[in-house]
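Please open the structure in a viewer and keep the selection panel at hand.

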Amino acid sequence: MSQFADDTNLFCADLESFKEALKTVNEFGRLAGLALNVKKSKAMWLGKWVKNISNPLSLKWMRSPVRILGVHVS
């Protein structure tokens with residue numbers, strides 16, 4: 001996890017660890033009075049693209065590079 005101001009980036013090994021990380025972020029948010037804005041959140045597979053017909057965790061899954069704090073990640 002990396003954070004800067006109101007940006008949070010999670011790097012997880014698989015979908016299961018991503019679900020656990022989101023649970024932790026949501027629990028912290030519940031205690032701190034904050035909320036993750038899912039509408040503005042983006043997700044991307046790093047490494048081999050996993051073909052998935054569904055939309056895991058109802059997030060916007062990107063296939064093109066994403067800019068994180070000025071660095072393009074693809």
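**First stop: R63 and its loop**

Select R63, which counts as exposed at 67% relative accessibility; here exposed means over 50% relative accessible area, buried under 20%, and partly exposed in between, with a 1.4 Å probe and protein chains only. R63 is situated in the loop between β4 (60-62) and β5.

Two remarks on conventions apply throughout. This is a predicted model, in which local features need pLDDT of at least 70 and side-chain atom pairs count only at pLDDT 80 or more, while totals for chains, interfaces and linings use all residues. Residues are numbered from 1 along each chain as its sequence is written, and side-chain values use heavy atoms, with hydrogens and water left out.

**The whole chain**

Now display the protein chain as a cartoon. The chain has one helix and six strands, helices being DSSP runs of H or I with at least four residues and strands runs of E with at least two, numbered from the N terminus. From the N terminus on, the order of elements is β-β-α-β-β-β-β. Of the 74 residues, 23% count as buried. Among contacts (heavy atoms within 4.5 Å) with a separation of 6 or more, 32% join residues 24 or more positions apart.

**Helix α1**

Select residues 15-32, which form helix α1. Its 18 residues should span 26 Å at 1.5 Å a residue, and the end C-alpha atoms are 25 Å apart, which agrees; the expected span is 1.5 Å times one less than the number of residues.

Which residues of α1 are buried? They are F18, A21, L22, V25 and G29. Seen down the helix axis, these buried residues fall within an arc of 100°, so they line one face of α1; the arc is taken over the directions from the helix axis to the C-beta atoms. The face turned away from the buried side carries the exposed residues K23, T24, R30 and L31. After α1 comes G33, with a positive phi near 80°.

Side chains of opposite charge can pair when their charged atoms come close. A salt bridge is counted where a side-chain nitrogen of Lys or Arg is within 4 Å of a carboxyl oxygen of Asp or Glu, and the count comes to two.

- Select K23 and E20: their closest N and O atoms are 3.4 Å apart. These residues are three apart in α1 and thus separated by about one helical turn. E20 is partly exposed, at 37% relative accessibility.
- Select R30 and E27: their closest N and O atoms are 2.8 Å apart. Both lie in α1, three residues apart, about one turn of the helix. R30 is exposed at 57%, whereas E27 is partly exposed at 37%.

**The nonpolar cores**

Select F18, L22, A43, W45, L59 and W61, the six residues of the largest nonpolar core. Such a core is a set of buried Ala, Val, Leu, Ile, Met, Phe, Trp, Tyr and Cys residues joined through side-chain atoms within 4.5 Å. A second, separate core has five residues, including M44, V66, I68 and V73. Beyond its neighbours within four places in sequence, F18 is in contact with L10, C12, L57 and L59.

Next, centre the view on V66 in strand β5. V66 is buried, at 15% relative accessibility. Apart from neighbours within four places in sequence, V66 is in contact with M44, V71, H72 and V73. The C-alpha atoms of V66 and K42 are separated by 8.5 Å, although the two residues are 24 apart along the chain.

**Two loop residues**

Is S41 buried or exposed? S41, in the loop between α1 and β3 (42-44), is buried, with a relative accessible area of 16%. Its side chain reaches the backbone oxygen of N37 at 2.8 Å. Leaving out neighbours within four places in sequence, S41 is in contact with L36, L59 and K60.

Finally, select L69, in the loop between β5 (66-68) and β6 (71-73). Most residues other than glycine have a negative phi. L69 is not a glycine, yet its phi is positive, about 50°. L69 counts as exposed, at 52% relative accessibility.

Terms used: A polar contact is a pair of N or O atoms within 3.5 Å; within protein, one must be able to donate a hydrogen and the other to accept it, and residues adjacent in sequence count only if both atoms are side-chain atoms.
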